[in-house]
Amino acid sequence: MSNDLLSLHDATAFADATGHVAGTSMYVDDLPLAEGTCYALAFGSPIAHGTIRNLDLTEASALEGVVRIFTCRDIPGQNQIGGIVPDETLLAEDIVEYRGQPIALIVAMHPDIAHAARNLIRAEIDPLEIVTDPRQAFEKGMFLHGSRTFRLGDSRSAFDACDIVVEGSVEIGGQEHVYIEPQGVYVIPGEHDTMRICSSTQGPTHVQKTIARVLNVPMHKIEVDVGRIGGGFGGKEDQATMWAALAALAAYHLSQPVRYILDRKDDMMMTGKRHPYSCDYKLGLDKDLRLIAYEATYFQNGGAAADLSPAVLERTLFHGTNSYDIPHVTMTAHCCKTHLPPNTAFRGFGGPQGMVVIEAAIHHAAREAGVPAYLIQEKNLLTDGCTFPYGQVVADALARSCWETAVSHFDLQEILRSVHEFNNAHPYLKKGVALMPVCFGISFTNTQMNQARALVHVYGDGSVGISTGAVEMGQGVNAKLVRVAAASLGIPDSLVHITSTNTSRVANTSPSAASATTDLNGKALVDACEQIMSRLRDLAATLLNSSPEQISIRDATVYLNDEPQDLSWHALITHALARRISLSAKGHYATPVIHFDKQQEKGHPFAYHVYGTAITIVEVDCLRGTYKLRQVSLVHDCGESIHHAVDIGQIEGGLVQGIGWMTTEELRYDRQGHLLSGSLATYKVPNFDSVPDRIDVHLLATDGTPFAIMKSKAVGEPPLMYGIGSYFALWNAILVYNPGTQVQYHTPMTPECVLMALYDNRE
Ligand code: MTE
Ligand code: LUZ
Ligand code: MOS
């Protein structure tokens, strides 16, 4: 079957596809409204840093249709929503530390009334000094968390032996998540102080735990339910919690249902984003272009509260050397506090920033050595037996096979030749090529988070209901989990239905994140299915006068010694009920092998790594500074993919999101910490025109790994980093037109930046 046919066929198995296309898929905003529903809206700080002197709610409270306005004084439990560090209030007390930080919560009979009331709130805030730059924060000693250093070998003395040493700095921009569904929640209070929270969250348990803490009620009173979310991309890993807890606070006091859905403007202004980083690097090579020593310092712009920043910082260090073997490394990362909204998880989780820096250093070294960067990249790819700076020994290195497959399958030499020819023929159009290898570790770097559970019920009619901790956010986890259950039970996908993610069905879940959702929840699901299968095999053995080892179930039929029997799945279930055999099971999974020692900064944090290589071709219009991505051809390692269409969708989507981050998506703040690009009119996300004319995805045929679900490797985040290739391809095109340009590694590479670089330093 050709790839196209296969995708079409697979698409029909992606249960959500039809609803998305027909517009019938339900999100929080589509839930039917219960009687008495009120609408919440936060009043956020108008300035980025200050002391609250007075908050006048009189006029706003008096507005007709305003039910009540809450402040921090109304919080019955702890006014604390910090996940890793307890440093974030739900509603500000005396100090505000970013623009938009919630100070009060308006609840009204209609969202328009809430908005009108918001304009009537008067806050007198004495301004304090605003810091938005992480290096400035560093100078002032403003940190959210302790600094971290990863070390391998002895970089300092190793530089002495190097023939080429380059040093420089890199400025990396942030990124707005632009999930299509903004943050939102619908809270319905019930009897006995219980609450049902329908939240657009990647982390139902995090929402549950935080609401319990804020309201001072036990977790068992709070039921969080997530049908699906309209994209999260990390932005709802922790940050759905604020809005859920605010609405829960109101519902608690009012005993009425409360809905809070942010509009796009509030969402962009008030929520955190991918972390901007400011970095320094020093890279040393020998005369054979072997990477010998690397030093990097990362100043992470964490925003006003820790949120997930310490974990994001850690992943920057884990991926600081990307796919390369470098024997002497020192990397230090600082978690700097600034007066911006707390920055948070975003696809790649700090890994992309770490990779941009090493790629910039290699690009710099290549210019210094007068060779193309891909020669240095190619020479230094990881191989089995190498050690990552964090101590894990490479045992699954596909860096070289991905690279070599990309080079041969897509014929790099021919690409380079035709680009050269094009550039010679066009005085004002220049093409640039870049290769981008990716090596991404799979597992939450916090070992404890790598656990999951699943619940399976086989009903009397033979249909199966499954429930796990996985949240469907468009990444296709439900489609994959249905397939996992069906394969484990030997029945068709159509007999399996996956229910919403609900903390009453599956407890203590990790957020759906770190690309590990299908691995963790899928393995727990297999565990549950196998328990039921074992009972069913025993039963079938009894019915067929044989032993369980001789029994298997496939195609909804019982097999004895591989011979189909006159005993169907449905008949077997009927027998099981008659004999009072349990047809339900709860599965559990905890990733084996992994561990990490933060004192030594060494260990084995990842179950496995995902590899790939992308070749990117851009074309720059050298009169206008505009550009077009002509082609991205990539080789990606999915192991044995269990859902081809979903995996291709993740690869293409991740790539384009990465291209957006590197090229047009620019978060611009003024010195007062106001987001100037705070709407989709000023913040440029990729559109049809930004998508490469051609995307070729070649899946590397490999055996997968036993740590991946059914050997199908995690795919959610790694492809985003292929987008980094577009950034260096742009520089390479610019350098053809203007070899004297002063290369500054600042991202994103907007058309304005390209235009400046084309005419920088040029006679
Ligand atoms: N794909 C879609 N369509 N929507 C999303 O929100 N999130 C990404 C990725 N792909 C996302 C997505 C992120 S940040 C992660 S961590 C993974 O999906 C999470 O899902 P997984 O663990 O099942 O891969
Ligand atoms: N979230 C998290 C993540 O809490 N820990 C991680 O290691 C991680 N990695 C990627 C994305 N989200
Ligand atoms: Mo993804 S950043 O792990 O939600």
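This is a predicted model: local features need pLDDT of at least 70, side-chain atom pairs count only at pLDDT 80 or more; totals for chains, interfaces and linings use all residues.

Student: Which residues surround ligand 2?
Tutor: They are Glu237, Arg315, Phe349, Phe444, Thr445, Met449, Ala513, Ala514 and Glu717. A residue is near a molecule if one of its heavy atoms lies within 4 Å of it.

Student: What makes the approach of Glu237 to ligand 2 a polar contact?
Tutor: A polar contact is a pair of N or O atoms within 3.5 Å; within protein, one must be able to donate a hydrogen and the other to accept it, and residues adjacent in sequence count only if both atoms are side-chain atoms. Thr445 uses a backbone N or O atom, 2.9 Å from an oxygen atom of ligand 2. Of the 290 Å² of accessible area that ligand 2 has on its own, the protein covers 97%, as computed by the Shrake-Rupley method with a 1.4 Å probe, where for residues only the protein chains shown count as cover.

Student: How is the shell around ligand 2 divided by class?
Tutor: It has 5 nonpolar, 1 polar and 3 charged residues. Ala, Val, Leu, Ile, Met, Phe, Trp, Tyr, Cys and Pro count as nonpolar, Asp, Glu, Lys and Arg as charged, and the others, Gly among them, as polar.

Student: What is the division around ligand 1?
Tutor: That shell has 5 nonpolar, 10 polar and 2 charged residues. Backbone N or O atoms make contacts here: that of Gly232 lies 2.7 Å from an oxygen atom of ligand 1, and that of Met473 lies 2.9 Å from a nitrogen atom of ligand 1. Ligand 1 alone exposes 520 Å², of which the protein buries 92%.

Student: Why are α19 and α20 called roughly parallel?
Tutor: Helices (H or I, at least four residues) and strands (E, at least two) are DSSP runs, numbered from the N terminus. Axes are lines fitted to C-alpha atoms, for helices over the stretch in contact, and angles run from 0 to 180 degrees between N-to-C directions. Angles under 35 degrees count as roughly parallel, over 145 as roughly antiparallel, 65 to 115 as roughly perpendicular and the rest as oblique. Helix α19 (residues 724-737) and helix α20 (residues 751-759) pack at about 30°, with axes 9 Å apart; they are therefore roughly parallel.

Student: What makes α7 oblique to α8?
Tutor: The axes of helix α7 (residues 204-215) and helix α8 (residues 241-254) come within 9 Å and cross at roughly 45°. This angle therefore makes α7 oblique to α8.

Student: What is the omega of the cis peptide bond joining Thr747 and Pro748?
Tutor: Omega is about 0° for that bond. Pro748 is in the loop between β30 (745-746) and α20.

Methods
Residues are numbered from 1 along each chain as its sequence is written. Chains are lettered from A and ligands numbered from 1 in the order in which they are written. Side-chain values use heavy atoms; hydrogens and water are left out.
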